[in-house]
Amino acid sequence: MIDQILPALLHLAEPAVFGFLVFGVIIGLVVGAMPGLNDSITLAVLVPITFAMPGDLAFPLLVGIYCSACFGGSFPAILLKIPGTASSVVTAIDGNAMARKGQGGLALGIATYSSVFGGITSALVLLLCAPFLAEQALRFGPPEYFALALLGLSTVIGMATGNAVRSTIACVLGLLIATIGFSPQSGYPRFTFDEPWLYDGLPLVPMLIGLFGIASLLDMAEEAWVRRRNPASAKAAEVATAGVRFRDLLLPASMIRRLLPTWVQASAIGNVIGILPGAGMLMAIYMAYGRVARRFGPEAGTGLPEGVAAPEAANNSVVASSMVPLLSLGIPGNSTSALFLGALLIQGLRPGPSLFTDSPDIAYLIVVAFVVANVLMFPLGLAMARAIPGLVARIPQGMLGAAVALLCIAGAYSVANSTFGVVVALGFGIFGYLMNKLHVPLSPLILGVVLEPVIERSLYQSLSLSGNSPWIFFERPISGVLMVAAIAFVAWPLIGGRITRRRKA
C-alpha cells in the first residue's frame with residue numbers, strides 16, 4: 001500500500017491537480033455557508049461536467065467539495081441559527097447560543113478545529129483500514145440495521161433531559177411524515193389524498209430548508225418587529241454577528257485538552273456510522289450530541305463548547321469513512337457518496353475491489369486527496385471564519401433576510417426543478433416556526449423522517465427471515481447489543497427522573 005500512496009502523493013502535488021483540490025475546498029466552504037445549498041446539490045451539478053475532465057482533475061475537485069461543504073454549513077448555523085447544510089442542524093443549537101453571548105469567534109474556532117480533527121481521522125480510516133472496515137460492514141443485515149436505527153431514535157429521546165415527552169412526540173411526527181407516499185412493501189399509497197405530488201413522499205431537502213431556513217426567517221422577522229418596538233433588545237442579535245478577531249479563532253491549549261475527549265468519541269461514532277451503507281450523517285451527529293447532552297444535562301443547548309465540537313467532529317468523520325463501502329464494495333455509504341459512484345462510472349471506472357487492482361492510481365489518488373483536503377480545510381476554514389462574521393455584520397438585516405429567503409427558495413426549487421419543493425419548504429417553515437414557539441425540538445422530527453425508511457424496510461426483511469419472530473433482533477449478537485442499548489436509552493429518562501425525585505425527597 002505504501003508503494004501506491006507515495007506516487008499518489010506526488011501526483012497530487014502537481015500544480016494542476018493540487019489547484020483543483022484547493023478550488024474544490026473553497027467551493028465547498030462557500031456552498032456550505034449558503035443556506036439552501038449543500039454538497040449533494042453541488043456535486044449533482046458538477047458530476048456531469050466531469051465527463052469532459054481527466055479523472056485526476058475531476059476527483060480532487062469533487063473530494064474537496066465533499067470534505068468542506070458540511071463544515072461550511074456551520075458558519076450560518078452559528079451566526080444566524082440557519083444551518084447551511086443538514087449536517088449543521090445540531091451545531092446551531094449551542095453554536096448560536098455562544099454567538100449571542102459574544103463568543104462567536106470561539107464557536108467558529110471550535111467548529112474549525114473539530115471539523116478538521118474528525119475529517120483527518122476519517123481520512124486515515126479510509127487510507128489504512130478500508131478492507132477491514134468493509135468486511136465488518138458486511139456483517140450488518142436487516143436486523144442490525146433495524147436495531148441501529150432504533151438506537152438512533154432512542155438516543156434522541158434519552159438525551160432530551162427534561163424534554164423526553166416532547167422529543168418522543170417529535171419522533172413520532174417524523175415517522176408519520178416519512179410514511180407519506182407509496183408503501184415500499186405493499187405498493188399502496190399512504191396519506192396521499194389522491195395527489196400525484198405526494199406519491200413519492202415529501203422531499204427531504206425542501207423540508208429541511210423549511211424547518212430551519214424559512215422558520216428562522218420568521219424568527220428573524222419577529223425579532224425585527226420586537227427590536228422596532230424595543231431597540232434595547234437588538235443588542236443580543238448584534239453581538240451574534242459581530243466581527244471576530246483572528247486570535248479569537250485560535251483555541252488555547254486548555255480548551256483543546258478539554259475538547260479532545262469529545263473529539264475522539266464523536267469521531268469514533270462518525271467513522272463507525274460512516275462505513276455502514278445507508279446509515280447517514282444525521283444519525284452520527286445526533287448520537288454524538290446525545291453523549292454530550294447526557295454528560296452535561298441542562299447545560300446542553302445553552303452555549304456549551306462540547307455542543308459545537310461533538311456534531312462538527314462527527315459529521316466530518318462520516319465524510320471519508322462513507323467512501324469505504326463505495327471504493328471497497330461498490331456500495332455508496334450515503335446519498336452524497338452515491339454521486340461519486342456516478343462520477344466513477346462516467347470516467348469508465350468500476351468501483352469495488354477491482355478498483356484498487358485495475359486502477360490503483362485513481363483509487364489511491366482519491367484516498368490521499370481526502371487526507372490533504374482535510375488538512376487544507378484548517379487554514380482555509382479559519383480564513384473564511386474570519387471574513388464571514390464581519391461580512392454578515394455589514395449587511396443590513398432586511399437585505400440579509402431577503403438574500404437568505406431567495407437562496408432557500410432557490411434551493412428548494414432546484415432539488416427537482418419543481419414548485420412543489422417551494423410549497424413544501426414554505427409549509428414546513430410555518431410548521432417549524434410553530435414548533436419552536438411550542439418548544440418542541442426539531443431534531444428528533446428530522447431524525448424520524450430520515451430513519452423511517454430504514455426501520456420499515458429492515459423490519460419487514462427481518463420478520464421475513466425469521467418467520468415473523470421478533471426474537472431475531474436479540475438472537476444475533478450485534479443487533480442484540482444494539483437493541484439492549486436502545487432500551488437502556490429509552491428507560492434512562494424514566495429511571496434518572498425517579499432517582500432525582502428520590503434524592504430531592
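Mentor: Contact here means heavy atoms within 4.5 Å. Keep in mind that this is a predicted model.

Trainee: Fine. With that in hand, which residues of helix 14 meet which residues of helix 15?

Mentor: From helix 14 you've got Met281, Ala284, Ile285, Ala288, Tyr289, Val292 and Phe296. Facing them in helix 15 are Glu306, Gly307, Ala310, Pro311, Ala314, Asn315, Val318 and Val319. Sorted by class, this contact has twelve nonpolar, two polar and one charged residues.

Trainee: Why is helix 14 called roughly antiparallel to helix 15?

Mentor: Look at the angle. The axes of helix 14, residues 281-296, and helix 15, residues 305-321, cross at roughly 155 degrees and come within 8 Å. Angles over 145 degrees count as roughly antiparallel, so the pair gets that label.

Trainee: And what is the handedness of the crossing between helix 14 and helix 15?

Mentor: Right-handed.

Trainee: Let's stay in helix 15 and pick Ala309. What makes Ala309 count as buried?

Mentor: Its relative accessibility is 0%. Buried means under 20%, so Ala309 qualifies.

Trainee: Which residues is Ala309 in contact with, leaving aside neighbours within four places in sequence?

Mentor: Ile110, Ser114, Leu259, Thr262 and Trp263. Take Trp263: 46 residues along the chain separate it from Ala309, yet their C-alpha atoms are 6.6 Å apart.

Trainee: Ser114 is on that list. Where is Ser114 found, and why is it called buried?

Mentor: Ser114 is in helix 7, residues 104-137. The reasoning runs as before: the cut-off for buried is under 20%, and Ser114 has a relative accessible area of 0%, so it is buried.

Trainee: What does the side chain of Ser114 reach?

Mentor: The backbone oxygen of Ile110, at 2.6 Å. A polar contact needs N or O atoms within 3.5 Å, one able to donate a hydrogen and the other to accept it, so at 2.6 Å this pair falls inside the distance limit.

Trainee: Which residues are in contact with Ser114 once neighbours within four places in sequence are set aside?

Mentor: Trp263, Ala309, Glu312 and Ala313. Trp263 is in contact with Ala309 too.

Trainee: Now zoom out. How many helices and strands are there in the protein chain?

Mentor: There are 24 helices and two strands. Of the 505 residues, 55% count as buried.

Trainee: And what share of the contacts with a separation of 6 or more comes from residues 24 or more positions apart?

Mentor: That share is 78%.

Conventions:
Residues are numbered from 1 along each chain as its sequence is written. This is a predicted model: local features need pLDDT of at least 70, side-chain atom pairs count only at pLDDT 80 or more; totals for chains, interfaces and linings use all residues. Side-chain values use heavy atoms; hydrogens and water are left out. Axes are lines fitted to C-alpha atoms, for helices over the stretch in contact, and angles run from 0 to 180 degrees between N-to-C directions. Helices (H or I, at least four residues) and strands (E, at least two) are DSSP runs, numbered from the N terminus. Angles under 35 degrees count as roughly parallel, over 145 as roughly antiparallel, 65 to 115 as roughly perpendicular and the rest as oblique. A crossing is left-handed if the near helix is turned anticlockwise from the far one by less than a right angle, and right-handed if clockwise. Ala, Val, Leu, Ile, Met, Phe, Trp, Tyr, Cys and Pro count as nonpolar, Asp, Glu, Lys and Arg as charged, and the others, Gly among them, as polar. Buried means under 20% relative accessible area, exposed over 50%, partly exposed in between (1.4 Å probe, protein chains only).
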